[in-house]
Amino acid sequence: MGGIGNSYSNSAKISVPMTERLYYHDSYLRQFEAHALELAADGSTVYLDRTAFYPTSGGQPFDLGSIAGIAVREVIDEGDRIAHRLAAPLAAGPVECSIDWTRRFDHMQQHTGQHLISAVFEEMFNLRTVSFHLSAESATIDLEGGPIDTRGAAGVDAGVASAVEARANEIVWENRPVGVTYEDAASVQGLRKASDRDGTLRIVSIDGLDRSACGGTHVRATGEIGVIVLRKLEKVRQSVRVEFLCGGRAVRRARADYEALNRVAQIFSSSLDDVPGVVAAQMEAGRSADKARRKLELELAAYQGKELYQNTAPGPDGMRRAVRRVTASGSLDELRAVAQNFTSQSQAVFVATLFNPPSVLLATSADAGVDAGQKLKAALAEVGGRGGGTARMAQGSVPDAALLDRVVEKL
């Protein structure tokens, strides 16, 4: 998305000439010959007199490939020059270079696709692209302007995205020419986004649609972008982030989506078109079943609490005390309903312990004369535990399950 402006010199490398950027003039160049002018101390970073390797810039990642048969791991724009970091040292002199064409063409499809999508968003809805990011799996643009939603962000919904997607694909099918020109920054006109660079700008144009200052690699015509799919919409502060896929990425994602949906359809023994309705019905049935289960659990807990009260003999002071020890893993929540129903009756104290995680529950009846929260908190503090609650019910944890019996004895 950046243009070509006045270059700047690197004072530490001033003796080495500027790198000629072959990708500016031919994005389709796959092999080329160059001369290794300078190497870093370890020999794994090389500066060529000319290169077709695109460095990370303007939201587009660097190219991969090889120089003299050695894999290129990273390409870095250093202003006047481009540094190539290799997987192994290289000797100075003439070298044969090869671009990873699969990666390059993918980036070309996504980048030209971004120009097209951004232009359509602006043309149809006055939504401006303020940033572009291209990753290995997807690409995104951040939009501002246009209609404002209730949160003060750009108003982009599924309807807007669908309309832009349809128009963008129409322009792909029209196979409009995509061209590169070089124009003076002082007199250039018709740019979608004004450039703050001086000197000569590299302008990438989509016939009848868009003119943008850009140093990236692009296809020759919109037909080579391939199908365009807009996917996730996400609000990011005052912008809306739009995820999109073009060409081969869109095809691969469509295949993956189909395979996933088809597996779901097979699980439910339904057609692809019926999957949303079937899943919704199953979820509603699950919610109903879960509600019924919780009702039965509460009824069972009420019965267990009352039965436990009847089967627990009162002590000399008339207090009925019950202790439940759960040696398996679980949750004290399962015992809370039992505790509530046990202590809903007179003169009752209920204690429960859980082995994993080591936890304690204390519940008391209203007439027990015991503040459960204060009592449990004090008992836990003596063994390094933590917890608390209300006067009627409290719970907490201890550092080790071996301490549970000491807490129960204290209570």
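Predicted model: local features only at pLDDT ≥ 70, side-chain atom pairs only at ≥ 80, totals over all residues.
Where is the place of Ser269? Ser269 sits in the loop between α3 (247-267) and α4 (275-311), where helices (H or I, at least four residues) and strands (E, at least two) are DSSP runs numbered from the N terminus. The phi angle of Ser269 is near 55 degrees, a positive value in a residue other than glycine, and Ser269 is exposed, with a relative accessible area of 70%. Here buried means under 20% relative accessible area, exposed means over 50%, and partly exposed lies in between, with a 1.4 Å probe and protein chains only.

Residues are numbered from 1 along each chain as its sequence is written, and side-chain values use heavy atoms, with hydrogens and water left out.

Seen as a whole, the protein chain has 7 helices and 20 strands, and its C-alpha atoms fill a box of roughly 100 × 55 × 40 Å along the principal axes. The radius of gyration of the protein chain is 35 Å, whereas a compact globule of 411 residues would have one near 22 Å; this radius is taken over C-alpha atoms, and the globule rule is 2.2 Å times the number of residues to the power 0.38. Of the 411 residues, 43% count as buried. Contact means heavy atoms within 4.5 Å, and among contacts in the protein chain between residues at least 6 apart in sequence, 60% join residues at least 24 apart.

The structure also holds 25 salt bridges, each being a side-chain nitrogen of Lys or Arg within 4 Å of a carboxyl oxygen of Asp or Glu. One of them joins Arg85 to Glu74, with the closest N and O atoms 3.3 Å apart; this pair links distant parts of the chain, since Arg85 belongs to strand β7 (residues 82-86) and Glu74 to strand β6 (residues 70-77), 11 residues apart. Arg85 counts as partly exposed at 40% relative accessibility, and Glu74 is partly exposed with a relative accessible area of 29%. Another salt bridge brings together the side chains of Arg321 and Asp317, at 2.7 Å from N to O.

Glu123 itself is found in helix α1 (residues 101-125), and the C-alpha atoms of Glu123 and Asp371, which are 248 residues apart along the chain, are separated by 70 Å.

Two other loops deserve a look. In the loop between β17 (348-356) and β18 (359-364) lies Pro357, and the peptide bond from Asn356 to Pro357 is cis, with omega near -5 degrees. Gln347 is placed in the loop between α5 (333-342) and β17; its phi is near 50 degrees, a positive value in a residue other than glycine, and Gln347 is partly exposed, with a relative accessible area of 24%.
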